[in-house]
Amino acid sequence: MGFLFVALGGALGAVGRYAISLIPVKTGFPVLTLVTNVLGAVLIGFIVGLVSEREDISPNTLLFWKTGVCGGFTTFSTFSLEAYSLFDERQIAAGTVYIALSVVLCIAGILVGKRIAMLNR
């Protein structure tokens with residue numbers, strides 16, 4: 001049954017990721033992937049923060065949201081490929097900034113999501 005919840009959540013997350021990728025942005029910097037990863041970090045931080053204080057959330061609900069939706073939405077593999085490509089194209093500064101922003105902002109996103117969850121209890 002868990003596989004079904006992950007699959008349904010993954011489909012929803014993937015559709016959300018695809019929708020963001022359709023936003024018309026003209027830049028050589030992978031800003032939409034960065035935005036997607038930060039939003040995914042905020043979402044998973046919110047979910048973790050919300051369930052840390054509750055015992056009435058089913059394991060299948062957690063599978064749907066954490067593994068399914070967040071896993072289907074975030075794009076770390078795409079991030080890795082784009083970071084590699086920036087370095088491969090000798091855009092060392094852009095690659096370094098992209099990696100640093102992704103890591104710092106996504107960790108901050110976890111904190112923000114958890115704080116938002118605490119406000120809503």
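Ser102 is part of helix α5, which covers residues 92-119; helices here are DSSP runs of H or I with at least four residues, numbered from the N terminus. The model is predicted: local features need pLDDT of at least 70, side-chain atom pairs count only at pLDDT 80 or more, and totals for chains, interfaces and linings use all residues. Residues are numbered from 1 along each chain as its sequence is written, and side-chain values use heavy atoms, with hydrogens and water left out.

Ser102 has a relative accessibility of 5% and counts as buried. Buried means under 20% relative accessible area, exposed means over 50%, and partly exposed lies in between (1.4 Å probe, protein chains only). Leaving aside residues up to four places away in sequence, Ser102 touches Leu34 and Phe79, where contact means heavy atoms within 4.5 Å.

## Aromatic pairs

The structure holds four aromatic pairs. Rings of Phe, Tyr and Trp (its six-membered ring) pair if their centres lie within 6.5 Å; planes under 30 degrees apart count as stacked, over 60 as edge-to-face, and the rest as tilted. One of the pairs joins Phe29 and Tyr98, with ring centres 5.5 Å apart and planes at 85 degrees, so this pair is edge-to-face. It links distant parts of the chain, as Phe29 is in the loop between α1 and α2 (31-51) and Tyr98 is in helix α5, 69 residues apart. Phe29 is partly exposed at 23% relative accessible area, whereas Tyr98 is buried at 0%.

The rings of Phe76 and Phe79 have centres 4.8 Å apart and planes at 40 degrees, so the pair is tilted. Both residues are in helix α4 (residues 76-88), three residues apart, and are therefore separated by about one helical turn. Phe76 is exposed at 55% relative accessibility, while Phe79 is buried at 6%. Ring pairs link Phe29, Phe76, Phe79 and Tyr98 into a cluster.

## Salt bridge

The count is one salt bridge, defined as a side-chain nitrogen of Lys or Arg within 4 Å of a carboxyl oxygen of Asp or Glu. Arg54 forms a salt bridge with Asp56, and their closest N and O atoms are 2.8 Å apart. Arg54 is partly exposed at 39% relative accessibility, and Asp56 is exposed at 56%.

## Nonpolar surface patch

Met1, Leu4 and Leu8 form a nonpolar surface patch with about 340 Å² of accessible area together. Patches are made of residues with over 30% relative accessible area and no salt bridge; like charges are joined within 9 Å, and nonpolar side chains (Val, Leu, Ile, Met, Phe, Trp, Tyr) within 5 Å. Accessible areas come from the Shrake-Rupley method with a 1.4 Å probe, and for residues only the protein chains shown count as cover. Met1 is in the segment before α1 (2-21) and is exposed, with a relative accessible area of 66%.

Terms used:
Helix = DSSP H or I, 4+ residues; strand = E, 2+ residues; numbered from the N terminus.
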